[in-house]
Amino acid sequence: MKQDIDELLERYYEGETSLAEERILRQFFQGDNIPAHLESHAAQFRHFADARKEHPSMVFNNRLAEKLNQSEAGTVRRLTTWSLRIAAGVALLLLGFAGGLFYDQWRTGEPATSPVEATSALEMKKVLAFEQMPNTSASERIQAVNQSYELSQVDQEITQLLINTLNFDANVNVRLAACQALLRFENEPGVREALIQSLSIQTDPNVQINLIESLVAIKEKRAVDQIQRLARNQQVLDVVRVKAEEGVNRLAGHNSPS
Amino acid sequence: MDVQAFKQRILPVQGRLFRLAKLFLRNREEAEDALQEVLMRLWTNRQELDTYHSVEALAVRMTKNLCLDKLKAHSRQKMDDAADMLEITAEGVSPYRQVELADSADLMRRLMDELPDQQKLILHLRDVEEYSFEEIEQVTGLSVNNIRVIVSRARQRLREGYVKANNYEAGY
């Protein structure tokens with residue numbers, strides 16, 4: 001054994017021993033019964049064996065684990081590569097545009113779909129529907145016509161409904177209300193034409209006068225012929241004829257101001 | 001490399017890196033600071049670690065370089081703390097022997113410290129961490145033969161220094 005150690009030591013100092021042999025040496029010098037002549041070698045091996053037992057403290061390990069977990073949580077959100085950053089930027093931009101477009105659509109679509117107006121238009125249609133006339137009272141129908149004032153925008157359907165009411169409602173007051181209501185929508189397609197046409201349909205003097213006044217008020221010169229025809233019609237009340245005459249003059253006067 | 005893989009591959013080596021840092025810095029706190037710095041650097045560069053042949057060799061190299069940089073920056077403020085060493089050597093030995101052992105351990109540490117950096121590193125890796133010559137080659141980039149020569153020189157130098165100190169003391 002001692003011979004072995006002597007020989008191993010010799011090779012150890014030459015740097016010729018293997019790891020296993022060096023381990024034997026360290027173990028030997030960790031023991032207690034070391035021959036006197038080898039004692040001087042012991043300190044070296046003891047030092048190495050002791051140095052190996054050193055480890056970082058628990059406090060350090062805890063601190064490190066904390067740091068690692070912290071940075072781990074942080075890296076999830078971090079966009080590391082350039083391509084990813086660019087992609088995220090483009091995505092955000094697109095999202096913004098899409099949001100803007102959507103918002104715009106929502107804003108313009110709002111009036112038509114606003115619940116209050118939608119219901120009032122619907123109610124109006126229900127009450128003024130032609131086949132409903134025997135079931136509804138005149139005041140109900142006037143109220144329905146007046147509901148059109150709540151609408152900021154109307155479609156063909158509503159104006160047609162009002163025109164029908166103006167021409168065919170059994171009650172004079174309802175027709176007058178419809179005439180007033182239609183006047184608000186004079187710029188809607190077909191409204192002016194319907195008012196002119198209505199002159200030949202109406203037989204009630206009240207409505208006739210109202211129509212003439214309305215047409216003069218909106219300066220509808222295409223109505224001149226119809227109003228003139230009224231003025232010459234002997235079956236029409238005198239009051240209406242005078243009013244028609246006056247209307248023709250005023251419309252014609254606008255035509256050729258002198 | 002995710003946090004799990006990182007812990008599996010790097011954390012087992014941290015004892016080794018710590019001992020290496022302590023070898024150079026001779027102070028527990030400073031060694032721990034250096035170790036933490038190395039580990040955090042490895043962690044932030046963990047994406048590139050897979051491209052390295054041996055992460056351990058890389059870590060050892062980083063630790064050595066960092067320690068040498070620190071020593072240079074501090075211009076060798078010596079801050080020995082021998083307390084840990086004493087505790088370790090002191091188990092189950094008589095007080096007289098304890099002092100003797102502490103003395104020789106102290107001397108040994110001083111001798112180790114006086115070695116040139118390269119000899120110190122290679123001897124530490126071989127005799128404390130039980131690295132094979134091939135592993136040391138990966139860390140230092142030196143040839144196996146070269147390493148063998150350096151190991152041999154460092155061992156002899158330690159022994160000579162120890163014998164000389166003891167004889168001097170004995171003869172005094």
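The exercises that follow concern a predicted model.

**Exercise 1.** Determine how the axes of helices H7(A) and H9(A) are arranged relative to each other.

*Solution.* Step 1: Two packed helices are described by the angle between their axes and the distance between the axes. Step 2: The axes of helix H7 (residues 138-146) of chain A and H9(A) come within 9 Å, and their crossing angle is roughly 0°. Step 3: Angles under 35 degrees count as roughly parallel. H7(A) and H9(A) are therefore roughly parallel to each other.

**Exercise 2.** Identify the residues through which H7(A) and H9(A) meet, and classify them.

*Solution.* Step 1: H7(A) contributes A:Ala138, A:Arg141, A:Ile142 and A:Val145. Step 2: On the side of H9(A), the partners are A:Asn173, A:Val174, A:Ala177, A:Ala178 and A:Ala181. Step 3: The residues of this contact comprise seven nonpolar, one polar and one charged.

**Exercise 3.** State which residues of helix H10 of chain A are buried and what covers them.

*Solution.* Step 1: In H10(A), which spans residues 191-201, the buried residues are A:Val191, A:Arg192, A:Ala194, A:Leu195, A:Ile196, A:Ser198 and A:Leu199. Step 2: Their cover includes helices H8 (156-168), H9 (172-184), H11 (205-217) and H12 (224-232) of chain A.

**Exercise 4.** Describe the secondary structure and burial of chain B.

*Solution.* Step 1: Chain B has ten helices and zero strands. Step 2: Of its 172 residues, 51% count as buried. Step 3: The accessible surface of chain B is about 8700 Å², with 49% belonging to carbon and sulfur atoms.

Technical notes:
Residues numbered from 1 in each chain as written. Chains lettered and ligands numbered in written order. Predicted model: local features only at pLDDT ≥ 70, side-chain atom pairs only at ≥ 80, totals over all residues. Heavy atoms only, no water. Buried < 20%, exposed > 50% of the residue type's maximum accessible area, 1.4 Å probe, protein only. Helix = DSSP H or I, 4+ residues; strand = E, 2+ residues; numbered from the N terminus. Contact = heavy atoms within 4.5 Å. Areas by Shrake-Rupley, 256 points an atom, 1.4 Å probe, with all protein chains shown as cover. Axes fitted to C-alpha atoms, helices over the stretch in contact; angles between N-to-C directions. Parallel < 35°, antiparallel > 145°, perpendicular 65-115°, else oblique. Nonpolar A, V, L, I, M, F, W, Y, C, P; charged D, E, K, R; others polar.
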